[in-house]
Amino acid sequence: MALIELDHIGKAYDLGLTRVHALRDIHLAIEPGEFVAIIGQSGSGKSTLMNILGCLDVPTTGRYRLAGRDVSELADDELADVRNLEIGFVFQSFQLLPRASALENVELPLIYRGIPRKERRERAIEALRRVQLDDRMKHKPTELSGGQRQRVAIARALVTEPSLLLADEPTGNLDSRTGEEIVGLFLDLHRKGNTIVLVTHEPKLAARCPRAVRIVDGLVIADGPGVEVAMANAEAMGAEVVAQVLAASAVAEAAARARAPEAPGS
Amino acid sequence: MKPRRIGGLGRVVRFAAEVGDAVVQAARSLLAHRLRAALTIAGVSVGIMAVIVIFMVEAGMTNSFASQLNSLGPNTLYVHKWAWGVGGNDWWKLRNRPVVSQLDYRAVVANATLPLAVAPLANAEAVVARGEKEVAHVDVRGTAEAFLDAGGWQLRRGRFISDLDHELGSDACVIGADLEDAFFKGQEPLGQRLKVGPTARCTVVGSLVRKGNAFGRSQDGLLVLPLSSFLRTFGARRGLTIAVVAPAGKVMETEDEIVAVMRAARRLGPDQADNFSVNRQDKILQGFNQTMMVTNLVGILVGVITAIVAGIGIMNILLVSVKERTREIGIRRALGARRASILMQFLCEAVMVALVGGALGVALGAGAAALIDLVSPMPASIDPKVVLGGVLGSCLLGAVFGLWPALSAAFLPPIDALRHE
């Protein structure tokens, strides 16, 4: 059974007299353990889709099943519980509490899970260890670099062991080297069995993902291996982007070969 | 795939953890904006202090009034033409009553069996002089021996006016402590002569122990003459008051007896109403309570106004806090905070401000009480009920005025809150 089943999802906003369709008819299924990039230009509806996937918003039409539960018609409190239980968010702007330490930030979702204090602390420390930040636990977000902040955010997303890791432009506010570090972290998490949905507008990032879905005007227009979808997208965007995608796919292949040297034909 | 759930125990732990987190976050938020918080807290504490002081002063007034009334003698009845504590409307009914006369006094003395003491009272204001020295506005009383017991006075020197003085119309007089101080500082007053009013002379035969103030004026500026001498000087048609000391616990019976004796003396038929009044000190209390009710209402009004002003301060600080922490609200909602969690968090901040303010206000109130106690004759203290009321009241204030901002925070759509810059 699929982890995510979107069934003819539509989302419309009433803006006075006009009705804007952010999503028209999205049909999508994501299996547990997949790493899917959702790619699209700004205004394509990918953010709306991301909000619906993250249960931050509800669709106007269609059905959304997440982890075996129909969440398209849940009440607000139930949605809050689903967000806590099933989803780990990683945002472009990190979204850490400024006055809380890294450790307290990572503990926060466990408060809403109802985990006792001692276990909260242990699990938060463990999550920070997984992103190699266990030496920065007492630091406030302002005392951390961008990459470190995003790693705190990833630790916070991981600490609840969510069914779905939802990343919205996670490298958008980072320089390319730090961004690469974060992408590497996501690939690593994917290898360890996490299901990841990554929303981006960059074809080169989508090219690194095993699967990519391209959204245009609220419709899915391409769904396939990351490199292919990214390439189709990049061709429309010009030679420079094509070069970026080619470079990215080369990196991805090299990494795949390095991981599985015994696999024949790779 | 089985949907995950938060179990019953988890909900309990979650609630406890949310409360703990809310307290920590509220404290951090207030500490991060110390000046803002301090100003609001000052507002709340001044308000709470004002209310406490108002009610404390009121309680003090009531207490001191009650103890002053006691100085009139709790078991003393006063037979008089006028009824005490009666408003203007009845004045017309009472003004045509005959005055209480010496005949009424003699009738009560002769016929009433229950009273421990019966004293006639007449008073006038006069200038008292000794040589060059004059004292104006002296409360001159005409009475008999029983006055000492009826009024709760004690002799300091010499003797009191005796019934013989009254019968003889002697020129003996007894002076209060104020007069003794005024005329005979460091001298022996007994046997000295005083001039009372324009014509009368009297010889001091005794002086009274100081009694202190009642209703804001000294009771000790008095000069007591035998009733007969008083009437000779100040006019015989003057109305009297008859003070009747009832045995303890038999005040009502004594009152009934006095009414019967008076009615008989005045030959009132069964169909005629009393043309005199038997007054007790609690009738004054009734009048006083009416006055105090107005003061009370003013106190309550001031309390309500200060509460509203302080509450608006709390609401303001909270609205600013909600605005500043909008992103945080979005983050928390994304991580699984329910509306109730957000609501509680901001209510917690409001209650914390109010509580600190309230505690400070109670402390200030206690300080004010100590000060009042020290500098004014009114005994003032703060009782535990006031402390509890101040603390609980300020909590309630915080919750009520924090509710709207907290609700507005709780009902922010999570996406909008997350996108807030």
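Predicted model: local features only at pLDDT ≥ 70, side-chain atom pairs only at ≥ 80, totals over all residues.
Strands of a sheet pair through backbone hydrogen bonds, in either a parallel or an antiparallel sense. Strand E3 (residues 35-39) and strand E8 (residues 196-200) of chain A pair in the parallel sense, over 5 bridges. Within this part of the sheet, Ile39(A) stands opposite Thr200(A) of E8(A).

Two packed helices are described by the angle between their axes and the distance between the axes. For helix H3 (residues 102-113) and helix H5 (residues 146-158) of chain A, the axes come within 7 Å and cross at roughly 30°. An angle under 35 degrees counts as roughly parallel, and H3(A) and H5(A) are therefore roughly parallel to each other. Their crossing is right-handed. On the side of H3(A), the contact is made by Ala102(A), Asn105(A), Val106(A), Leu108(A) and Pro109(A), and on the side of H5(A) by Val152(A), Ala155(A) and Arg156(A). By class, the residues of this contact comprise 6 nonpolar, 1 polar and 1 charged.

A helix pair was also examined in chain B. The axes of helix H4 (residues 102-111) and helix H9 (residues 251-265) of chain B come within 9 Å and cross at roughly 130°. H4(B) and H9(B) are therefore oblique to each other, and the crossing of H4(B) and H9(B) is right-handed. From H4(B), the residues in contact are Leu103(B), Asp104(B), Ala107(B), Val108(B) and Asn111(B). Those from H9(B) are Ile258(B), Val261(B), Met262(B) and Ala265(B). The residues of this contact divide into 7 nonpolar, 1 polar and 1 charged.

Chain B as a whole has 14 helices and 12 strands. Its radius of gyration is 34 Å, whereas the globule rule gives 22 Å for 421 residues; the value is well over that of the rule, so chain B is more spread out than a compact globule. Along the principal axes, the C-alpha atoms of chain B fill a box of roughly 115 × 60 × 35 Å.

The two chains touch, with 27 residues of chain B in contact with 28 residues of chain A. On the side of chain B, at least two residues each are supplied by helix H1 (8-32), helix H11 (326-334), helix H12 (339-375) and helix H14 (414-419). H1(B) gives the largest share of this side, 9 residues. The residues of chain B that touch chain A divide into 13 nonpolar, 3 polar and 11 charged.

Methods: Residues numbered from 1 in each chain as written. Chains lettered and ligands numbered in written order. Pairing = 2+ DSSP bridges. Helix = DSSP H or I, 4+ residues; strand = E, 2+ residues; numbered from the N terminus. Axes fitted to C-alpha atoms, helices over the stretch in contact; angles between N-to-C directions. Parallel < 35°, antiparallel > 145°, perpendicular 65-115°, else oblique. Left-handed = near helix turned anticlockwise from the far one by under 90°. Contact = placed C-beta atoms within 7 Å. Nonpolar A, V, L, I, M, F, W, Y, C, P; charged D, E, K, R; others polar. Rg over C-alpha atoms; globule rule 2.2 N^0.38 Å.
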